[in-house]
Amino acid sequence: QVHLVESGGGSVQSGGSLRLSCAASGATYSSGCMGWFRQAPGKEREAVAVIDRGGGTYYADSVKLRFTISRDNAKNTLYLQMNSLKPEDTAMYYCALRPDPASWCPALDSYYNYWGQGTQVTVSS
């Protein structure tokens, strides 16, 4: 049974920083794709950042140069460092996993078959 648990969300002022973590258990995921997605009230879920087994990354245009995704395979943990936060970053953030080996990781939520419960990020102006 694969289990993903996010942590690190909270409330910050515009310009602040947060670091999200996602601890994975129940699966060997070092060769798979992992990503962060977010969903704001009234909006569809969107990809924030994705990382492949080799450390290759994708970022949504809205977060480039502000957010950094990373993974520690030894600790089975995914991270998202978020700097220069803006009110429009306010959303529930979810980590996602697809354990199957892949040479390319799409930024599509339909590709990922395991999800965490989410952690809320609120940025005030």
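Me: What does the secondary structure of the chain come to?
Reply: The model is predicted, and its chain has eleven strands and zero helices. From the N terminus on, the elements therefore read as β-β-β-β-β-β-β-β-β-β-β.

Me: How compact is the chain?
Reply: Its radius of gyration is 13 Å, close to the 14 Å from the globule rule for 125 residues, so the chain is as compact as a globular protein of that length. The C-alpha trace spans about 40 × 30 × 25 Å along its principal axes.

Me: And how many of the residues count as buried?
Reply: Of the 125 residues, 43% count as buried. The chain exposes about 6,300 Å², and carbon and sulfur atoms supply 47% of that area.

Me: What share of the contacts comes from residues 24 or more positions apart?
Reply: Such residues account for 61% of the contacts with a separation of 6 or more.

Me: Switching to I69: where is it found?
Reply: I69 lies in strand β7, which covers residues 67-72.

Me: Is I69 buried or exposed, and why?
Reply: I69 is buried because its relative accessible area is 4%, and buried means under 20%.

Me: Which residues is I69 in contact with?
Reply: Leaving aside neighbours within four places in sequence, the contacts of I69 include M34, G35, W36, A49, V50, I51, L78, Y79 and L80. T57 and Y59 are also among them. For W36, which is 33 residues apart from I69 along the chain, the C-alpha separation is 8.2 Å.

Me: Last topic, charges: how far apart are the mean positions?
Reply: The mean positions of the 11 positive and 10 negative charges are 4 Å apart.

Technical notes
Residues numbered from 1 in each chain as written. Predicted model: local features only at pLDDT ≥ 70, side-chain atom pairs only at ≥ 80, totals over all residues. Heavy atoms only, no water. Helix = DSSP H or I, 4+ residues; strand = E, 2+ residues; numbered from the N terminus. Rg over C-alpha atoms; globule rule 2.2 N^0.38 Å. Buried < 20%, exposed > 50% of the residue type's maximum accessible area, 1.4 Å probe, protein only. Contact = heavy atoms within 4.5 Å. Areas by Shrake-Rupley, 256 points an atom, 1.4 Å probe, with all protein chains shown as cover. Lys, Arg positive; Asp, Glu negative; His and termini not counted. Charge placed at Lys NZ, Arg CZ, Asp CG, Glu CD.
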